[in-house]
Amino acid sequence: MTIILFIYGACLGSWLTAMADRYATGASPFYPASHCDTCQTPLAYWQLVPVLSYLLLRGRCHYCQQRIPPTTLVLEVGVGLLLTTLTPATVRPLLWLGLWGFAALCDARTQTFPGWIVWLAWPLTVWQLSWSAVILTTLLLLGIQFLWQRWPTPLIGDGDLELILAYIIYWGVTATAHWLLIASALALWRARDRGRMAFLPYLVGSAVGWWLIR
Ligand SMILES: [Zn+2]
């Protein structure tokens, strides 16, 4: 069962990566079929197998030899591992991680992500709260969105802050501290200049790491 779940997860990771690539370029999620982003050649079936194809192709396009980003392999293995933890009790956190994971993939490419992700993940975040807490935290979320639209040079993206708020609600303050520490350390390690950088990938990377450790 673990192996089957890993295979499904690797396929899901491959699909999420493709969807994020298409979000970044504004392409349709449905057309055209999978192709190399550089030479546009449609991929054969054996080049579409998650994990195995990357290893078989040694990380390069079969036709034009353009390097395939290694993050593709990391994502396929990562989502595969994540899905091996699927049980009826973990459907909610895995869906939550999956939605934010997709946001992070888009953020890594464009420093933005589709706004509907926050609202789709929100019911999963506040699932176990009392009604008054749901109203209070939703007002906080709306407050962030309202203020950030009016702040010309924010120090942190509203998406990052929304995920931090969601994480506190979902996992509590102590877990949030551990999570932020690792995410920030990863981001600092990778930071190359003083320009803007996408923070969601580090936040979600750290969240996935903590989930797998737990
Ligand atoms: Zn190519």
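The zinc ion has four protein donors, Cys36 (SG), Cys39 (SG), Cys61 (SG) and Cys64 (SG), at 2.2 to 2.3 Å from the metal. Please bear in mind that this is a predicted model. The angles among the four donor atoms run from 105 to 116 degrees, and the site is tetrahedral. Along the chain, the donors follow the spacing C-x2-C-x21-C-x2-C. Within that pattern, Cys39 and Cys61 link distant parts of the chain, being 22 residues apart. Cys39 belongs to the loop between α1 and α2, whereas Cys61 belongs to the loop between α2 and α3.

Let me move to the helices. How do α1 and α4 cross? Their axes come within 9 Å and cross at roughly 40 degrees, which makes α1 oblique to α4. The crossing is right-handed. From α1, the residues involved include Leu16, Met19 and Tyr23, which meet a set in α4 that includes Phe102, Leu105 and Arg109. By class, this contact comprises eight nonpolar, two polar and two charged residues.

The second pair is α4 with α5, the latter spanning residues 116-125. Here the axes lie 10 Å apart at an angle of about 165 degrees; the two helices are therefore roughly antiparallel to each other. This crossing is left-handed. Among the α4 residues in the contact are Trp96, Trp100 and Phe102, and among those of α5 are Trp116, Ile117 and Leu120. The contact divides into 12 nonpolar residues, one polar and one charged.

Thank you; I welcome your questions.

Notes
Residues numbered from 1 in each chain as written. Predicted model: local features only at pLDDT ≥ 70, side-chain atom pairs only at ≥ 80, totals over all residues. Heavy atoms only, no water. Axes fitted to C-alpha atoms, helices over the stretch in contact; angles between N-to-C directions. Helix = DSSP H or I, 4+ residues; strand = E, 2+ residues; numbered from the N terminus. Parallel < 35°, antiparallel > 145°, perpendicular 65-115°, else oblique. Left-handed = near helix turned anticlockwise from the far one by under 90°. Contact = heavy atoms within 4.5 Å. Nonpolar A, V, L, I, M, F, W, Y, C, P; charged D, E, K, R; others polar. Donors = N, O, S within 2.8 Å, 3.2 Å for Na, K, Ca; no water. Tetrahedral: all angles 85-135°; square planar, octahedral: opposite > 155°, others 65-115°.
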